[in-house]
Amino acid sequence: MTLPPELAKPIDCLMIDNFDSFTWNLYQQLCLLGANVTVIRNDDIPASALPELNIRNLIVSPGPGHPHTDSGISRDAIRHFAGKVPVLGVCMGLECIVDVYGGEISYAGEIKHGKLSPIRHDQRGIFRDIPQSILSTRYHSLSASLATLPSELMVTCATEESGVIMGVRHRTLTVEAVQYHPESILSQAGDTLLRNFLALRGGTWTENPESRVLDPSLPPFPFEALKGKLEDTPAARAQVTTILTKISAQRTKDVARAKSTPGMSPSDVSALLAMHVAPPLVDLIPRLRARRPALMAEIKRASPSKSDIAPSANAALQARTYALSGASVISVLTEPTWFKGSLLDMRLARQAIDNLPHRPAILRKDFILDEYQIAEARLHGADTVLLIVAMLVPERLKELYAYSLSLGMEPLVEVNSAKEMNIALELGAKVIGINNRNLNDFTVDMSTTSRLAGMVKERDVILCALSGISSAEVVRQYAEEGVAAVLVGESLMKAKNTKAFIHQLLDWPVQDTGTEPRVSLVKICGVRDVDEAKAVAHAGADMIGVVFAPGSKRRVSIDVARDIANAVRTLRFEASVKGKVEDGPVPQLHGQEQSFTDVNEGWFTGHARRLLSSPDRPLVVGVFQNHTLEEILSIVSSVQLDLVQLHGKEPLEWSKHIPVPVIRAFHVSANGGGLEDLTRPGLHEFVLLDSQRPCDGLSGGSGTLVDWNLAADVVKRGELSGGSESTVSGETQQDGVLKKSTSNTDNDTSSSDFGMPIILAGGLTPENVANAIEDVRPWAVDVSGGVETSDGKRKDLSKVSAFIQAVKEVHLL
């Protein structure tokens, strides 16, 4: 590959960032010491480009996770540059160096996050001129294992109180590493350590005699006196409080606290469930069987092993993105202490996808140990819960499993060993997840799924693989071994383009957005009688509006409206008998050909697509303005309207009670106001923009143009951008006035490429409608006065024909 300009020149100090916030601290400290540091992420360049780099030294930064799964090109860089230039690893960097030379990275025997430990060192290399017993700041649960430390490496420092390895060095090459964070403000002698590293040159210790690494006069490092204090053995591990034990103890306290919350006692929760306050369920099993492999996409801000992953993640936005990208299940971490999740996250995730036609199942991912947690999960919108075999005795697991089933939720039962798999099978679990992560020490072994998958063959069990999954190769391997679904969290939370990453990860074909042109629909409003309606229909109108608004000169009686609706239905029936639609081929929405069944799309996009694909047109629209709901329902029933247009100040909730699709008019003021709730899903199916009358704040009949630039911006923002709501950062509306948004929506996944489907009204004529469509790109256009006779008493059929022809001649790509 061709290196970018900043990497094509000689580099003083190259630092590989393993996606860790400490990288910035390390960078700043090095710069203050006079180094000229160039930082690249561990996935910025391929390993094949490493020989093209010209660097003076290499630093591998801290980072979350395990070197096998989370270090990117770090290990390749160590292999390439060791022996050529000085190499320093910090935290994850040490683990990468040990792994490169054949050592094992395993549980350190203790969990340290933001804790200080005094260390002893060998006074050589980077520890030259540093006093003993300095304090080191530790953020890790993994460490090098002495039992597997390769002969090429030597221990350079360890903790005084526990003997955990804190530093290693190559015996002949200028390769050093520390497990702790010398860049931390609490770590002592960090400047000296880094200054010693920056003074190194070349790739061997023989080129650096001042480092004293090869000085025989120095006493050997007394590691033998320290190493027995905390050994990495099964017996030693059994005596250490594991991460799972700590989490379980904390969740027990959390549950007790939640039960004592006023209004949320166990009896309160039971009463709320009995009232059917909880939203309806979807069945987990059909969701997982809809695709193979199915995706269980996880919302995870942090974890015990990796600390912060995406601490500022918006659960609702992430859930919507997952749903529109093809996820079958959305897993929401609700544990607050280590994972920074909450029940509110889960509820918001559920609300964000509730209006999708094939919404994913919501999984409460937590450490469930009490029926109360299952009940509150159901109350807050979960469809299923996680039950972890490792933290429950079999009898308790059986009780919780049965209780979950009693609430209609098939649990996901998690296992990590053959023993746990047998327990899950004896339980009768229908959905079993094999966790590649050992919850006692949070180490990941990707072969765990492969080893246990064979135990469910010939059984009616949906097998899921959990944790550490970040590549299509792994997913393909698991699928061949019988895995039906994969749970992916961290990789998705870090993905720059979620939808593209998902399709690449699961080998799903990219949906063809196509180049089929589309044409806007036409609504001719204010039709007064049957003859006019027939003429408008024959001219090619897609919708015919009959007005019931009091005071309108175009208002018709219920009897006339009924006659018009009957006449239009007769025309539709005659057209269907002939096997054709009067206005020609049915136009297609750009980008709406689906590659899968049960694909989700936005609320407004879905309704627009379905109406477009229906041959039953024209449709009769009843236009109401400030009628009562009872009046609207009565007229809908009497006239048999196809759609209702609410053109006044009717409450949003009325749309839920009207038995036909609803178009809601938004009265756009001169300054762009009047757009509140424009993209709110789940109520009205279509939106119409019309110019507001200054006299009463309503719209219609003024002949005034809507600001086309504003309308185009509404379309461009799309229904999922949040462009019609106020946001905490980058406010997009103030008092209903649309303003420029500064929020980043690059990772949001819209359901179509053509934006928010709107009906554009206000001042349109045969002469300007083509320009309006080209500028705004509306889904449909609405006209009334612009196609009437000069006296305004009837429709001018020549203008109607000219208007429709002008619309249909504009093909939007």
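A residue counts as buried when its relative accessible area is under 20%, and this cut-off is used in the legends below, which describe close-up views of a predicted model.

**View 1. The whole protein, as a setting for the close-ups.** The predicted model contains 26 helices and 29 strands. Of the 813 residues in the protein, 57% are buried. Among contacts between residues at least 6 apart in sequence, 69% join residues that are at least 24 apart.

**View 2. A tilted aromatic pair formed by phenylalanine 339 and phenylalanine 367.** A search of the whole structure finds five aromatic pairs. In one of them, the ring centres of phenylalanine 339 and phenylalanine 367 are 5.8 Å apart and the ring planes stand at 35 degrees, so the pair is classed as tilted. Because phenylalanine 339 lies in the loop between strand E13 (329–333) and helix H12 (343–353), while phenylalanine 367 lies in the loop between strand E14 (361–365) and helix H13 (371–379), the pair ties together parts that are 28 residues apart in sequence. Phenylalanine 339 has a relative accessible area of 6% and is therefore buried, and phenylalanine 367, with a relative accessible area of 5%, is buried as well.

**View 3. A stacked aromatic pair formed by phenylalanine 686 and tryptophan 779.** The two rings are 5.1 Å apart from centre to centre, with 5 degrees between their planes. Phenylalanine 686 belongs to strand E25 (residues 686–691) and tryptophan 779 to the loop between helix H25 (769–776) and strand E29 (780–783), so this pair ties together parts that are 93 residues apart in sequence. Both phenylalanine 686 and tryptophan 779 are buried.

**View 4. Strand E13 and the strands that pair with it.** Strand E13 is mostly covered, five of its five residues being buried. Val329, Ser331 and Leu333 point one way from E13, whereas Ile330 and Val332 point the other way. Strands of a sheet pair through backbone hydrogen bonds, in either a parallel or an antiparallel arrangement. Strand E10 (residues 294–299) runs parallel to E13 and is joined to it by four bridges, with glutamate 298 standing opposite serine 331 in E13. E13 and E14 also run parallel, and five bridges join them; the bridge partner of valine 329 in E14 is alanine 361. From E13 the chain crosses through H12 to E14, and this β-α-β crossover is right-handed.

**View 5. A barrel closed by eight strands.** The strands follow the order E20-E21-E22-E23-E24-E25-E28-E29, and their pairing is parallel. Neighbouring strands of this sheet are turned by 25 degrees against each other on average, direction ignored. Strand E23 (residues 643–646) and strand E24 (residues 662–668) pair over three bridges, and leucine 646 stands opposite arginine 664 in E24. Helix H24 (residues 708–717) lies across E24, E25 and strand E28 (758–760), running at about 165 degrees to E28. Helix H26 (residues 797–808) lies across strand E20 (521–525) and E29, and runs at about 160 degrees to E20.

**View 6. Arginine residues over tryptophan rings.** Arginine 169 lies over the face of tryptophan 205, at 5.8 Å from the ring centre. The ring of tryptophan 508 has the charged end of arginine 291 over it, at 4.5 Å from the centre of the ring.

Definitions and conventions:
Residues numbered from 1 in each chain as written. Predicted model: local features only at pLDDT ≥ 70, side-chain atom pairs only at ≥ 80, totals over all residues. Heavy atoms only, no water. Phe/Tyr/Trp six-rings, centres within 6.5 Å; stacked < 30°, edge-to-face > 60°. Helix = DSSP H or I, 4+ residues; strand = E, 2+ residues; numbered from the N terminus. Buried < 20%, exposed > 50% of the residue type's maximum accessible area, 1.4 Å probe, protein only. Lys NZ or Arg CZ within 6 Å of the ring centre and 35° of its normal. Pairing = 2+ DSSP bridges. Right-handed = clockwise from strand over helix to strand, strands pointing away. Axes fitted to C-alpha atoms, helices over the stretch in contact; angles between N-to-C directions. Contact = heavy atoms within 4.5 Å.
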